[in-house]
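Before the details, here is a short note for a colleague opening this structure for the first time. Please keep the view at hand while reading the points below.

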Amino acid sequence: MTPPLLSTSQYAKKHHISRNHVIRLIKTGKLPAERIGNNWFVLMNQQPANQIGLEKTTSLQLWNKLIVSQLKKHLAIEVSKDRELIYAKLNGLGLPHERCLAFSIGQFPTKTAFAAAVSRLGLPYWISAVPNPKRSQLNRLTKLGLYSIESGWHYLNRLSDKHEYKIVVSQYPDGADFKGTLLISPQGHGIAEFITGDRHYIMTRGFTLTDPMLFDQNAVVRFSKTVPKRHQIRLHQLVKDIYGHLELQYGKIENVKQITFFDYNDGAAYTEIDNIWNDLKIYFSLKHKSTLTTLFGMPASPGQATGRCVVIHHESASLFNSVKKGDIIVSDTTTPDMTPIMNK
């Protein structure tokens with residue numbers, strides 16, 4: 001008997017994600033699917049890709065190291081994030097956020113203390129390991145979407161120099177419908193980008209700016225098509241008097257589904273927000289019609305250039321070696337792994 005198949009639209013509706021996200025997962029090999037005629041079909045019992053159990057090194061740190069070595073420039077980023085301090089800032093701003101419990105550097109938790117922390121916060125949870133600022137060779141490490149005490153305890157005991165880390169255990173939203181990243185200038189111009197489900201390319205790789213929400217202090221200027229308008233209106237109400245770089249998610253915490261924030265930086269990590277905001281406003285007000293010889297998109301740098309065009313998907317590492325000096329890269333987004341080819 002042939003297993004039941006769902007169209008991309010049916011699958012998107014079932015899992016509360018956008019159809020474009022389903023297509024993206026299929027094309028990047030994250031979601032097995034069968035091509036029938038001109039359409040993709042997915043097995044009914046396939047689960048969408050998510051960040052459950054994902055381990056990662058904080059992306060901005062990795063970006064900074066690669067950009068310093070390859071491009072001889074520095075990103076304005078926090079060298080050592082303190083999750084407790086971030087949540088304290090969010091609390092001071094009146095923004096909803098996750099609860100967390102921390103174990104200081106040099107006070108690595110016993111299994112009993114760790115289990116008690118997880119029990120107080122509930123399942124699922126996530127772990128952030130923040131290194132001693134004096135140990136510059138160590139990176140911040142993260143383990144997301146943990147559903148048992150044993151899995152988290154096993155992860156902690158795999159850390160090298162584990163007594164040199166501050167261990168922070170935080171709540172993790174169950175079944176996140178979407179996640180997002182916001183940039184808001186001191187002048188009140190805001191850019192928000194979203195991705196549906198529990199997988200977040202924006203936070204781990206970089207902005208695509210293909211479907212942003214644009215807003216100012218008065219109203220939403222452009223709604224993203226990725227998430228429902230009511231959530232964007234609510235988001236605008238929460239952040240319109242705030243500036244900086246924020247990251248958020250919409251999922252269930254303590255049996256309540258809501259927007260919660262888990263990151264905030266009011267430093268100048270991005271200095272051209274107003275210029276980018278104005279460019280995006282103009283760009284999305286124009287009618288774009290691509291032809292066989294002309295493509296429209298957002299440039300990574302201003303000006304004009306002529307060269308061979310190389311189209312690369314961010315997960316197609318096998319194509320990176322095809323980029324030569326003077327080429328023009330067209331990509332859905334950029335990643336730390338692409339820094340050496342951007343140097344060309």
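Which exposed residues are carried by the face of H5 turned away from its buried side?

1. This is a predicted model, and the question above is answered by Thr-112, Ser-119 and Arg-120, the exposed residues on the face of H5 that is turned away from its buried side.

2. The buried residues of helix H5, which spans residues 111-121, are Phe-114, Ala-115, Ala-117, Val-118 and Leu-121. Because these residues cover an arc of only 160° around the axis, they lie on the same side of H5. An α-helix has 3.6 residues a turn, so residues three or four places apart point the same way.

3. The partners of that buried side are strand E5 (100-103), E6, helix H6 (149-156) and strand E8 (165-171), against which the buried residues of H5 pack. Just after H5, Gly-122 takes a positive phi of about 95°.

4. In the loop between strand E6 (125-131) and strand E7 (141-146) one finds Asn-132, which counts as buried because its relative accessibility is 16%, under the 20% cut-off. Leaving aside residues up to four places away in sequence, Asn-132 touches Ile-105 and Glu-164.

5. The largest nonpolar core holds 29 residues, of which Leu-90, Leu-182, Phe-215, Leu-235, Val-239, Leu-246 and Phe-261 touch the most other members. At least two residues of this core come from each of helix H4 (83-92), strand E9 (174-184), strand E10 (190-196), strand E11 (213-215), helix H8 (229-239), strand E13 (244-253) and strand E14 (256-265), and E14 gives the most, with four residues. Apart from this core lies another, of 18 residues, which includes Ala-117, Leu-121, Leu-138 and Tyr-165.

6. For a closer look at one member of the largest core, Phe-215 may be selected. Not counting residues up to four places away in sequence, the contacts of Phe-215 include Leu-182, Ile-184, Ile-191, Val-239 and Trp-277, and also His-189 and His-236.

7. A separate topic is the open sheet formed by three strands in the order E1-E3-E2, with antiparallel pairing. Its edge strands, each pairing on one side only, are strand E1 (5-7) and strand E2 (33-36), and neighbouring strands of the sheet are turned by 40° against each other on average, direction ignored. Four bridges join E2 to strand E3 (residues 39-43), and Arg-35 stands opposite Trp-40 in E3. Helix H1 (residues 8-15) packs on the sheet, where it touches E1 and E3, and its direction makes about 95° with that of E1.

Definitions and conventions
Residues numbered from 1 in each chain as written. Predicted model: local features only at pLDDT ≥ 70, side-chain atom pairs only at ≥ 80, totals over all residues. Heavy atoms only, no water. Core = buried A, V, L, I, M, F, W, Y, C linked by side-chain atoms within 4.5 Å. Buried < 20%, exposed > 50% of the residue type's maximum accessible area, 1.4 Å probe, protein only. Contact = heavy atoms within 4.5 Å. Pairing = 2+ DSSP bridges. Axes fitted to C-alpha atoms, helices over the stretch in contact; angles between N-to-C directions. Arc of directions from axis to C-beta.
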